[in-house]
Amino acid sequence: LTFPLLSVTLLVSFGSSMLYGYNLAVVNSPAVNIKAFYNATWSQRYGHGLAPGPLTLLYSLTVSIFALGGLVGSLLVGVLVEWYGRNGTLSRSTLLILLAGGFMGFSRELESPEMVIIGRSITGLHSGRCCGAVHSPFLMTCSPTAHSQGVGEDFIFPMATGSAVGVSMGIFICLGVFLAQVLGLPELLGKDKFWPLFLSVVVIPASLQLLLLHCFPESPRYLLIERNDVCGATKALRRFLGTPDVQDVIEEMKEEQRSLSSVEMVSVWQLLQDRSVRWQTLSVVVVNAGMQLSGIDAMWFYTNTIFENARIPTSQIPYTTVGTGAIEVVAGLIGCFTIEKLGRRPLIITGFCTMGICSAGITVSLLLQTTLPWMRYVSIACVVGIITGFCMGPAGIPFLMTAELFTQSHRPAAYIVGGSLNWLCNFTVGFVFPFLQMSAGAFCYLLFCGVCLLVALYVYLIIPETKNKTFMEISHIFT
(Lines give C-alpha, C1' and ligand atoms only; values in the text may rest on other atoms or scores of the structure.)
Protein backbone atom coordinates (compact mmCIF):
# COMPACT_ATOMS: atom_id res chain seq x y z
CA LEU A 1 0.00 0.00 0.00
CA THR A 2 1.22 3.48 -0.87
CA PHE A 3 0.84 6.27 1.66
CA PRO A 4 -2.06 8.01 -0.24
CA LEU A 5 -3.95 4.72 -0.60
CA LEU A 6 -3.39 3.83 3.05
CA SER A 7 -4.43 7.33 4.09
CA VAL A 8 -7.70 7.29 2.15
CA THR A 9 -8.42 3.77 3.45
CA LEU A 10 -8.05 4.92 7.05
CA LEU A 11 -9.97 8.15 6.44
CA VAL A 12 -12.94 6.47 4.75
CA SER A 13 -12.99 3.68 7.34
CA PHE A 14 -12.70 6.16 10.22
CA GLY A 15 -15.67 8.22 9.05
CA SER A 16 -17.86 5.38 7.78
CA SER A 17 -17.46 1.89 9.25
CA MET A 18 -16.19 3.09 12.62
CA LEU A 19 -19.11 5.51 12.92
CA TYR A 20 -21.48 2.65 12.11
CA GLY A 21 -19.99 0.55 14.92
CA TYR A 22 -20.09 3.51 17.30
CA ASN A 23 -23.79 4.12 16.61
CA LEU A 24 -24.56 0.45 17.15
CA ALA A 25 -23.17 0.49 20.70
CA VAL A 26 -23.63 4.12 21.80
CA VAL A 27 -27.19 3.53 23.08
CA ASN A 28 -26.07 0.72 25.40
CA SER A 29 -24.53 2.46 28.43
CA PRO A 30 -26.84 5.55 28.61
CA ALA A 31 -30.02 3.43 28.33
CA VAL A 32 -31.12 4.17 31.91
CA ASN A 33 -30.45 7.89 31.52
CA ILE A 34 -32.30 8.15 28.20
CA LYS A 35 -35.30 6.30 29.62
CA ALA A 36 -35.31 8.63 32.64
CA PHE A 37 -35.25 11.63 30.29
CA TYR A 38 -38.17 10.22 28.29
CA ASN A 39 -40.15 9.56 31.45
CA ALA A 40 -39.46 13.00 32.93
CA THR A 41 -40.38 14.78 29.69
CA TRP A 42 -43.59 12.79 29.35
CA SER A 43 -44.50 13.58 32.94
CA GLN A 44 -43.88 17.28 32.38
CA ARG A 45 -46.01 17.33 29.24
CA TYR A 46 -48.94 15.18 30.33
CA GLY A 47 -48.80 15.15 34.13
CA HIS A 48 -47.95 11.45 34.48
CA GLY A 49 -45.01 9.21 33.69
CA LEU A 50 -44.79 6.39 31.19
CA ALA A 51 -45.71 2.83 32.15
CA PRO A 52 -42.93 0.23 31.74
CA GLY A 53 -44.41 -1.16 28.51
CA PRO A 54 -44.74 2.14 26.59
CA LEU A 55 -41.35 3.28 27.93
CA THR A 56 -39.71 0.11 26.63
CA LEU A 57 -41.50 0.61 23.31
CA LEU A 58 -40.25 4.18 22.99
CA TYR A 59 -36.69 3.23 23.85
CA SER A 60 -36.74 0.21 21.50
CA LEU A 61 -37.83 2.55 18.72
CA THR A 62 -34.91 4.85 19.56
CA VAL A 63 -32.50 1.94 19.27
CA SER A 64 -33.92 0.27 16.18
CA ILE A 65 -34.89 3.27 14.04
CA PHE A 66 -31.18 3.53 13.26
CA ALA A 67 -31.64 0.45 11.06
CA LEU A 68 -34.65 1.89 9.22
CA GLY A 69 -32.58 4.95 8.36
CA GLY A 70 -29.85 2.60 7.17
CA LEU A 71 -32.29 0.79 4.90
CA VAL A 72 -33.38 4.05 3.24
CA GLY A 73 -29.77 5.18 2.87
CA SER A 74 -28.66 1.93 1.25
CA LEU A 75 -31.49 2.09 -1.29
CA LEU A 76 -30.63 5.69 -2.26
CA VAL A 77 -26.91 5.18 -2.65
CA GLY A 78 -27.00 4.08 -6.29
CA VAL A 79 -28.65 7.31 -7.42
CA LEU A 80 -26.33 9.44 -5.29
CA VAL A 81 -23.17 7.76 -6.59
CA GLU A 82 -24.37 8.28 -10.14
CA TRP A 83 -24.89 12.00 -9.43
CA TYR A 84 -21.94 12.85 -7.22
CA GLY A 85 -19.44 9.96 -7.42
CA ARG A 86 -18.30 7.92 -4.43
CA ASN A 87 -16.12 10.68 -3.00
CA GLY A 88 -18.92 13.24 -3.36
CA THR A 89 -21.49 10.89 -1.87
CA LEU A 90 -19.29 10.30 1.17
CA SER A 91 -18.84 14.05 1.65
CA ARG A 92 -22.56 14.79 1.40
CA SER A 93 -23.41 11.89 3.69
CA THR A 94 -21.01 13.27 6.29
CA LEU A 95 -23.10 16.44 6.47
CA LEU A 96 -25.96 14.26 7.73
CA ILE A 97 -23.89 13.29 10.78
CA LEU A 98 -23.40 16.95 11.68
CA LEU A 99 -27.17 17.43 11.49
CA ALA A 100 -27.84 14.30 13.55
CA GLY A 101 -25.29 15.37 16.18
CA GLY A 102 -27.08 18.69 16.53
CA PHE A 103 -30.45 17.01 17.04
CA MET A 104 -29.18 14.59 19.68
CA GLY A 105 -26.84 17.06 21.39
CA PHE A 106 -29.55 19.67 22.06
CA SER A 107 -32.42 17.24 22.71
CA ARG A 108 -32.28 17.55 26.51
CA GLU A 109 -31.94 21.34 26.47
CA LEU A 110 -35.05 21.55 24.29
CA GLU A 111 -36.81 18.76 26.24
CA SER A 112 -37.54 16.82 23.07
CA PRO A 113 -37.25 12.99 22.94
CA GLU A 114 -38.32 13.30 19.30
CA MET A 115 -34.96 14.93 18.52
CA VAL A 116 -33.10 11.87 19.82
CA ILE A 117 -35.18 9.57 17.62
CA ILE A 118 -34.77 11.81 14.57
CA GLY A 119 -31.02 12.03 15.20
CA ARG A 120 -30.74 8.25 15.42
CA SER A 121 -32.63 7.83 12.14
CA ILE A 122 -30.31 10.31 10.40
CA THR A 123 -27.19 8.50 11.65
CA GLY A 124 -28.70 5.33 10.19
CA LEU A 125 -29.24 7.11 6.88
CA HIS A 126 -25.54 8.02 6.87
CA SER A 127 -24.45 4.47 7.69
CA GLY A 128 -26.71 3.02 5.01
CA ARG A 129 -25.07 5.25 2.41
CA CYS A 130 -21.50 4.71 3.51
CA CYS A 131 -21.07 1.18 4.87
CA GLY A 132 -20.82 -1.47 2.21
CA ALA A 133 -22.58 0.57 -0.45
CA VAL A 134 -19.89 3.28 -0.79
CA HIS A 135 -17.07 2.46 1.65
CA SER A 136 -15.89 -0.96 0.43
CA PRO A 137 -16.56 -0.36 -3.30
CA PHE A 138 -14.70 2.96 -3.03
CA LEU A 139 -11.64 1.35 -1.49
CA MET A 140 -11.72 -1.63 -3.84
CA THR A 141 -11.86 0.56 -6.92
CA CYS A 142 -8.94 2.68 -5.68
CA SER A 143 -6.73 -0.41 -5.58
CA PRO A 144 -4.81 -1.45 -8.69
CA THR A 145 -5.29 -5.14 -7.96
CA ALA A 146 -9.03 -4.66 -8.29
CA HIS A 147 -8.61 -4.99 -12.05
CA SER A 148 -6.17 -7.86 -12.29
CA GLN A 149 -8.48 -10.86 -12.13
CA GLY A 150 -10.01 -10.64 -15.60
CA VAL A 151 -13.06 -8.97 -17.05
CA GLY A 152 -16.38 -9.84 -18.61
CA GLU A 153 -18.65 -12.52 -17.27
CA ASP A 154 -15.89 -13.98 -15.08
CA PHE A 155 -14.94 -10.64 -13.54
CA ILE A 156 -15.05 -10.78 -9.76
CA PHE A 157 -13.51 -8.68 -7.04
CA PRO A 158 -9.93 -9.85 -6.46
CA MET A 159 -9.64 -12.37 -3.67
CA ALA A 160 -6.73 -10.74 -1.84
CA THR A 161 -7.98 -7.15 -2.13
CA GLY A 162 -11.65 -8.08 -1.62
CA SER A 163 -11.05 -10.11 1.52
CA ALA A 164 -8.73 -7.51 3.01
CA VAL A 165 -11.16 -4.63 2.40
CA GLY A 166 -14.23 -6.63 3.39
CA VAL A 167 -12.79 -7.86 6.66
CA SER A 168 -11.11 -4.52 7.41
CA MET A 169 -14.59 -3.03 7.31
CA GLY A 170 -15.54 -5.45 10.10
CA ILE A 171 -12.45 -4.44 12.11
CA PHE A 172 -13.36 -0.76 11.97
CA ILE A 173 -16.92 -1.59 13.02
CA CYS A 174 -15.44 -3.40 16.03
CA LEU A 175 -13.23 -0.40 16.77
CA GLY A 176 -16.30 1.85 16.69
CA VAL A 177 -18.13 -0.42 19.12
CA PHE A 178 -15.08 -0.47 21.39
CA LEU A 179 -14.79 3.33 21.28
CA ALA A 180 -18.44 3.68 22.34
CA GLN A 181 -17.87 1.25 25.21
CA VAL A 182 -14.78 3.11 26.43
CA LEU A 183 -16.41 6.55 26.24
CA GLY A 184 -19.41 5.11 28.09
CA LEU A 185 -17.34 4.46 31.23
CA PRO A 186 -18.45 6.45 34.32
CA GLU A 187 -15.11 8.27 34.38
CA LEU A 188 -15.68 9.64 30.87
CA LEU A 189 -19.12 10.26 29.29
CA GLY A 190 -21.07 7.60 31.17
CA LYS A 191 -22.68 10.06 33.61
CA ASP A 192 -26.26 11.25 33.33
CA LYS A 193 -25.35 14.84 32.44
CA PHE A 194 -23.15 13.77 29.54
CA TRP A 195 -25.40 11.40 27.57
CA PRO A 196 -26.43 14.01 24.90
CA LEU A 197 -22.74 14.75 24.32
CA PHE A 198 -22.04 11.01 24.23
CA LEU A 199 -24.56 10.55 21.42
CA SER A 200 -23.27 13.54 19.45
CA VAL A 201 -19.54 12.69 19.59
CA VAL A 202 -20.02 11.33 16.05
CA VAL A 203 -19.62 14.86 14.69
CA ILE A 204 -15.86 14.80 15.45
CA PRO A 205 -14.80 12.00 13.05
CA ALA A 206 -17.41 13.17 10.54
CA SER A 207 -15.95 16.69 10.53
CA LEU A 208 -12.45 15.30 10.14
CA GLN A 209 -13.52 13.22 7.16
CA LEU A 210 -15.35 16.14 5.59
CA LEU A 211 -12.27 18.37 5.86
CA LEU A 212 -9.73 15.84 4.59
CA LEU A 213 -11.65 13.82 1.99
CA HIS A 214 -11.35 16.59 -0.58
CA CYS A 215 -7.56 16.20 -0.45
CA PHE A 216 -7.90 12.87 -2.27
CA PRO A 217 -9.04 12.21 -5.84
CA GLU A 218 -12.18 10.34 -6.86
CA SER A 219 -12.12 6.57 -7.35
CA PRO A 220 -10.14 5.86 -10.57
CA ARG A 221 -12.54 3.15 -11.68
CA TYR A 222 -15.53 5.45 -11.23
CA LEU A 223 -13.83 8.22 -13.21
CA LEU A 224 -12.95 6.02 -16.18
CA ILE A 225 -15.77 3.50 -16.40
CA GLU A 226 -18.72 5.59 -15.29
CA ARG A 227 -17.56 9.10 -16.26
CA ASN A 228 -15.26 8.18 -19.16
CA ASP A 229 -12.66 10.58 -17.73
CA VAL A 230 -9.39 8.95 -18.77
CA CYS A 231 -7.30 11.96 -17.77
CA GLY A 232 -8.85 12.15 -14.30
CA ALA A 233 -8.50 8.39 -13.77
CA THR A 234 -4.83 8.54 -14.82
CA LYS A 235 -4.08 11.36 -12.38
CA ALA A 236 -5.92 9.54 -9.58
CA LEU A 237 -4.05 6.29 -10.19
CA ARG A 238 -0.71 8.09 -10.24
CA ARG A 239 -1.62 9.69 -6.92
CA PHE A 240 -2.77 6.46 -5.28
CA LEU A 241 -0.02 4.21 -6.68
CA GLY A 242 2.83 6.67 -6.39
CA THR A 243 4.11 5.90 -9.89
CA PRO A 244 3.75 7.67 -13.26
CA ASP A 245 3.45 4.37 -15.16
CA VAL A 246 -0.21 3.40 -14.87
CA GLN A 247 -0.96 2.66 -18.51
CA ASP A 248 -1.37 -1.09 -17.95
CA VAL A 249 -4.01 -0.45 -15.30
CA ILE A 250 -5.77 2.07 -17.53
CA GLU A 251 -5.90 -0.46 -20.39
CA GLU A 252 -7.36 -3.12 -18.07
CA MET A 253 -10.01 -0.67 -16.91
CA LYS A 254 -10.85 0.25 -20.51
CA GLU A 255 -11.22 -3.42 -21.33
CA GLU A 256 -13.55 -3.80 -18.37
CA GLN A 257 -15.48 -0.73 -19.56
CA ARG A 258 -15.98 -2.29 -23.00
CA SER A 259 -17.09 -5.54 -21.40
CA LEU A 260 -19.54 -3.86 -19.02
CA SER A 261 -21.06 -1.79 -21.83
CA SER A 262 -22.43 -4.98 -23.34
CA VAL A 263 -23.80 -6.26 -20.03
CA GLU A 264 -27.43 -5.54 -19.18
CA MET A 265 -27.95 -5.07 -15.44
CA VAL A 266 -30.82 -7.09 -14.03
CA SER A 267 -33.36 -5.68 -11.59
CA VAL A 268 -34.12 -7.13 -8.18
CA TRP A 269 -37.31 -8.69 -9.54
CA GLN A 270 -35.42 -10.26 -12.44
CA LEU A 271 -32.81 -11.60 -10.04
CA LEU A 272 -35.47 -13.25 -7.90
CA GLN A 273 -37.02 -14.83 -10.99
CA ASP A 274 -33.76 -16.05 -12.53
CA ARG A 275 -33.65 -19.80 -11.93
CA SER A 276 -30.02 -20.04 -13.05
CA VAL A 277 -28.88 -18.21 -9.89
CA ARG A 278 -31.64 -19.21 -7.49
CA TRP A 279 -29.27 -21.04 -5.12
CA GLN A 280 -26.85 -18.11 -5.13
CA THR A 281 -29.73 -15.73 -4.37
CA LEU A 282 -31.04 -17.97 -1.60
CA SER A 283 -27.53 -18.15 -0.16
CA VAL A 284 -27.29 -14.37 -0.04
CA VAL A 285 -30.67 -14.22 1.71
CA VAL A 286 -29.76 -16.89 4.27
CA VAL A 287 -26.30 -15.57 5.12
CA ASN A 288 -27.24 -11.88 5.34
CA ALA A 289 -30.42 -12.48 7.33
CA GLY A 290 -28.64 -14.99 9.55
CA MET A 291 -25.84 -12.53 10.25
CA GLN A 292 -28.28 -10.08 11.88
CA LEU A 293 -30.67 -12.65 13.42
CA SER A 294 -27.72 -14.39 15.08
CA GLY A 295 -28.14 -12.16 18.13
CA ILE A 296 -25.07 -10.00 17.62
CA ASP A 297 -27.17 -6.83 17.47
CA ALA A 298 -28.75 -7.71 20.81
CA MET A 299 -25.24 -8.04 22.25
CA TRP A 300 -24.28 -4.59 20.95
CA PHE A 301 -27.54 -2.75 21.66
CA TYR A 302 -28.29 -4.25 25.07
CA THR A 303 -24.98 -5.51 26.53
CA ASN A 304 -25.51 -3.86 29.92
CA THR A 305 -29.05 -5.23 30.20
CA ILE A 306 -27.81 -8.75 29.42
CA PHE A 307 -25.14 -8.47 32.12
CA GLU A 308 -27.68 -7.09 34.60
CA ASN A 309 -29.90 -10.12 34.02
CA ALA A 310 -26.81 -12.30 34.59
CA ARG A 311 -26.47 -10.56 37.99
CA ILE A 312 -23.12 -8.98 37.29
CA PRO A 313 -22.56 -6.26 39.95
CA THR A 314 -23.67 -2.90 38.55
CA SER A 315 -20.32 -1.25 39.28
CA GLN A 316 -18.51 -3.91 37.22
CA ILE A 317 -20.77 -3.90 34.16
CA PRO A 318 -19.15 -0.97 32.25
CA TYR A 319 -15.68 -2.47 32.60
CA THR A 320 -16.90 -5.94 31.68
CA THR A 321 -18.45 -4.45 28.56
CA VAL A 322 -15.18 -2.73 27.62
CA GLY A 323 -13.38 -6.04 28.08
CA THR A 324 -15.70 -7.75 25.62
CA GLY A 325 -15.09 -4.92 23.15
CA ALA A 326 -11.31 -5.34 23.37
CA ILE A 327 -11.62 -9.07 22.69
CA GLU A 328 -13.91 -8.23 19.78
CA VAL A 329 -11.21 -6.09 18.12
CA VAL A 330 -8.60 -8.85 18.57
CA ALA A 331 -10.99 -11.41 17.03
CA GLY A 332 -11.56 -9.13 14.05
CA LEU A 333 -7.81 -8.83 13.48
CA ILE A 334 -7.43 -12.61 13.65
CA GLY A 335 -10.16 -13.00 11.03
CA CYS A 336 -8.47 -10.46 8.76
CA PHE A 337 -5.14 -12.27 8.83
CA THR A 338 -6.53 -15.81 8.49
CA ILE A 339 -9.27 -15.46 5.86
CA GLU A 340 -6.92 -16.03 2.91
CA LYS A 341 -5.28 -19.02 4.58
CA LEU A 342 -8.38 -20.76 5.91
CA GLY A 343 -10.94 -19.68 3.30
CA ARG A 344 -14.49 -18.36 3.66
CA ARG A 345 -16.43 -21.53 4.55
CA PRO A 346 -14.38 -22.65 7.59
CA LEU A 347 -14.50 -19.19 9.16
CA ILE A 348 -18.21 -18.57 8.62
CA ILE A 349 -19.24 -22.10 9.68
CA THR A 350 -17.06 -21.98 12.79
CA GLY A 351 -18.31 -18.48 13.58
CA PHE A 352 -22.00 -19.37 13.41
CA CYS A 353 -21.48 -22.63 15.33
CA THR A 354 -19.62 -20.78 18.08
CA MET A 355 -22.38 -18.18 18.30
CA GLY A 356 -25.07 -20.86 18.45
CA ILE A 357 -23.36 -22.85 21.21
CA CYS A 358 -22.69 -19.71 23.25
CA SER A 359 -26.32 -18.54 22.87
CA ALA A 360 -27.45 -21.85 24.35
CA GLY A 361 -24.80 -21.40 27.04
CA ILE A 362 -26.31 -18.06 28.08
CA THR A 363 -29.70 -19.73 28.53
CA VAL A 364 -28.21 -22.48 30.70
CA SER A 365 -26.17 -20.04 32.80
CA LEU A 366 -29.17 -17.77 33.43
CA LEU A 367 -31.32 -20.73 34.51
CA LEU A 368 -28.69 -22.03 36.94
CA GLN A 369 -27.35 -18.76 38.34
CA THR A 370 -29.72 -18.80 41.35
CA THR A 371 -28.21 -22.07 42.60
CA LEU A 372 -24.71 -21.60 41.18
CA PRO A 373 -23.56 -17.98 41.57
CA TRP A 374 -20.40 -18.62 39.50
CA MET A 375 -22.58 -19.16 36.43
CA ARG A 376 -22.58 -15.36 35.95
CA TYR A 377 -19.01 -15.72 34.71
CA VAL A 378 -20.19 -18.35 32.25
CA SER A 379 -22.64 -15.74 30.91
CA ILE A 380 -19.77 -13.31 30.37
CA ALA A 381 -17.75 -16.00 28.60
CA CYS A 382 -20.70 -16.83 26.36
CA VAL A 383 -21.21 -13.17 25.39
CA VAL A 384 -17.50 -12.97 24.57
CA GLY A 385 -17.85 -16.18 22.54
CA ILE A 386 -20.77 -14.79 20.52
CA ILE A 387 -18.88 -11.59 19.71
CA THR A 388 -15.65 -13.44 18.92
CA GLY A 389 -17.40 -15.93 16.66
CA PHE A 390 -19.13 -13.13 14.79
CA CYS A 391 -16.00 -11.01 14.26
CA MET A 392 -13.90 -13.91 13.01
CA GLY A 393 -16.34 -14.95 10.31
CA PRO A 394 -19.88 -13.66 9.77
CA ALA A 395 -18.88 -9.99 10.21
CA GLY A 396 -17.22 -9.47 6.82
CA ILE A 397 -17.64 -12.64 4.77
CA PRO A 398 -21.30 -12.18 3.64
CA PHE A 399 -20.28 -9.03 1.75
CA LEU A 400 -17.49 -10.96 0.00
CA MET A 401 -19.79 -13.85 -0.84
CA THR A 402 -22.31 -11.51 -2.44
CA ALA A 403 -19.56 -10.21 -4.75
CA GLU A 404 -18.16 -13.65 -5.53
CA LEU A 405 -21.40 -15.54 -6.19
CA PHE A 406 -22.66 -13.29 -9.01
CA THR A 407 -21.53 -11.81 -12.31
CA GLN A 408 -21.39 -8.06 -12.80
CA SER A 409 -24.89 -8.01 -14.33
CA HIS A 410 -26.48 -9.57 -11.23
CA ARG A 411 -24.23 -8.14 -8.52
CA PRO A 412 -25.96 -4.75 -7.91
CA ALA A 413 -29.36 -6.40 -7.48
CA ALA A 414 -27.82 -9.01 -5.16
CA TYR A 415 -26.34 -6.23 -3.03
CA ILE A 416 -29.74 -4.56 -2.77
CA VAL A 417 -31.33 -7.83 -1.62
CA GLY A 418 -28.58 -8.60 0.89
CA GLY A 419 -28.33 -5.04 2.19
CA SER A 420 -32.08 -4.64 2.60
CA LEU A 421 -32.31 -7.88 4.57
CA ASN A 422 -29.37 -6.79 6.68
CA TRP A 423 -31.05 -3.57 7.76
CA LEU A 424 -34.55 -5.07 8.15
CA CYS A 425 -33.28 -7.86 10.39
CA ASN A 426 -31.16 -5.35 12.32
CA PHE A 427 -34.32 -3.33 12.99
CA THR A 428 -36.27 -6.44 13.97
CA VAL A 429 -33.73 -7.57 16.57
CA GLY A 430 -33.25 -4.07 17.99
CA PHE A 431 -36.98 -3.48 18.34
CA VAL A 432 -38.16 -6.94 19.45
CA PHE A 433 -35.36 -8.11 21.78
CA PRO A 434 -36.46 -6.19 24.93
CA PHE A 435 -39.98 -7.60 24.61
CA LEU A 436 -38.57 -11.05 23.87
CA GLN A 437 -36.59 -10.85 27.10
CA MET A 438 -39.70 -9.82 29.03
CA SER A 439 -41.82 -12.66 27.65
CA ALA A 440 -39.38 -15.57 27.24
CA GLY A 441 -36.71 -14.71 29.80
CA ALA A 442 -33.58 -16.83 29.52
CA PHE A 443 -35.11 -18.94 26.75
CA CYS A 444 -35.05 -16.03 24.27
CA TYR A 445 -31.41 -16.85 23.45
CA LEU A 446 -32.43 -20.28 22.16
CA LEU A 447 -33.99 -18.51 19.17
CA PHE A 448 -30.58 -17.07 18.27
CA CYS A 449 -29.03 -20.49 18.86
CA GLY A 450 -31.40 -22.11 16.36
CA VAL A 451 -30.77 -19.43 13.71
CA CYS A 452 -26.98 -19.72 14.02
CA LEU A 453 -26.89 -23.51 13.81
CA LEU A 454 -29.30 -23.60 10.86
CA VAL A 455 -27.24 -21.04 8.93
CA ALA A 456 -24.04 -22.99 9.68
CA LEU A 457 -25.71 -26.18 8.41
CA TYR A 458 -26.91 -24.41 5.25
CA VAL A 459 -23.42 -23.08 4.49
CA TYR A 460 -21.91 -26.52 5.10
CA LEU A 461 -24.37 -28.28 2.79
CA ILE A 462 -24.96 -25.70 0.05
CA ILE A 463 -22.36 -22.93 -0.28
CA PRO A 464 -18.99 -23.88 -1.82
CA GLU A 465 -15.64 -22.36 -0.99
CA THR A 466 -15.29 -19.23 -3.16
CA LYS A 467 -11.62 -18.54 -2.47
CA ASN A 468 -9.63 -18.20 -5.73
CA LYS A 469 -12.56 -19.32 -7.89
CA THR A 470 -14.20 -17.54 -10.81
CA PHE A 471 -17.93 -17.13 -11.12
CA MET A 472 -18.16 -19.93 -13.70
CA GLU A 473 -16.39 -22.35 -11.38
CA ILE A 474 -18.66 -21.37 -8.48
CA SER A 475 -21.76 -21.65 -10.69
CA HIS A 476 -20.70 -25.13 -11.83
CA ILE A 477 -20.31 -26.27 -8.20
CA PHE A 478 -23.82 -24.97 -7.40
CA THR A 479 -25.21 -26.81 -10.40
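**Ground rules.** The model is predicted, so I take local features at pLDDT of at least 70 and side-chain atom pairs at pLDDT 80 or more, while totals for chains, interfaces and linings use all residues. I number residues from 1 along each chain as its sequence is written, and side-chain values use heavy atoms, with hydrogens and water left out.

**Entry: cysteines.** I searched the whole structure for disulfides and found zero. The cut-off is a pair of cysteine sulfur atoms within 2.5 Å. A disulfide is a covalent bond between the sulfur atoms of two cysteines. I then looked up Cys353. Which cysteine sulfur is closest to the sulfur of Cys353? The one in Cys452, at 8.9 Å, and that is too far for a bond. Cys353 is partly exposed because its relative accessibility is 28%. Cys231 is partly exposed too, at 47%. My scale is this: buried is under 20% relative accessible area, exposed is over 50%, and partly exposed is in between (1.4 Å probe, protein chains only).

**Entry: salt bridge.** How many salt bridges does the structure hold? I find one. The term asks for a side-chain nitrogen of Lys or Arg within 4 Å of a carboxyl oxygen of Asp or Glu. The partners are Arg45 and Glu114, at 2.8 Å from N to O. Arg45 sits in helix H3 (residues 31–46) and Glu114 in helix H5 (residues 113–130), so the pair ties together parts 69 residues apart in sequence. Helices here are DSSP runs (H or I, at least four residues), numbered from the N terminus. Arg45 is partly exposed at 40% relative accessible area. Glu114 is partly exposed as well, at 37%.

**Entry: surface patches.** Patch residues have over 30% relative accessible area and no salt bridge; like charges are joined within 9 Å, and nonpolar side chains (Val, Leu, Ile, Met, Phe, Trp, Tyr) within 5 Å. Areas come from the Shrake-Rupley method with a 1.4 Å probe.

I noted a negative patch first. Asp245, Asp248, Glu251, Glu252 and Glu255 form that patch. Asp and Glu count as negative, and a charge is placed at CG of Asp or CD of Glu. Glu255 lies in helix H12 (residues 247–261). Glu255 is partly exposed, at 41% relative accessibility.

Next came a nonpolar patch of about 420 Å². Val364, Leu367, Leu368, Phe443 and Leu446 make up this patch. Which helix gives the largest share? Helix H18 (residues 344–368) does, with three residues. Leu367 is found in helix H18, and Leu367 is partly exposed at 43% relative accessibility.

How values were computed: Helices (H or I, at least four residues) and strands (E, at least two) are DSSP runs, numbered from the N terminus.
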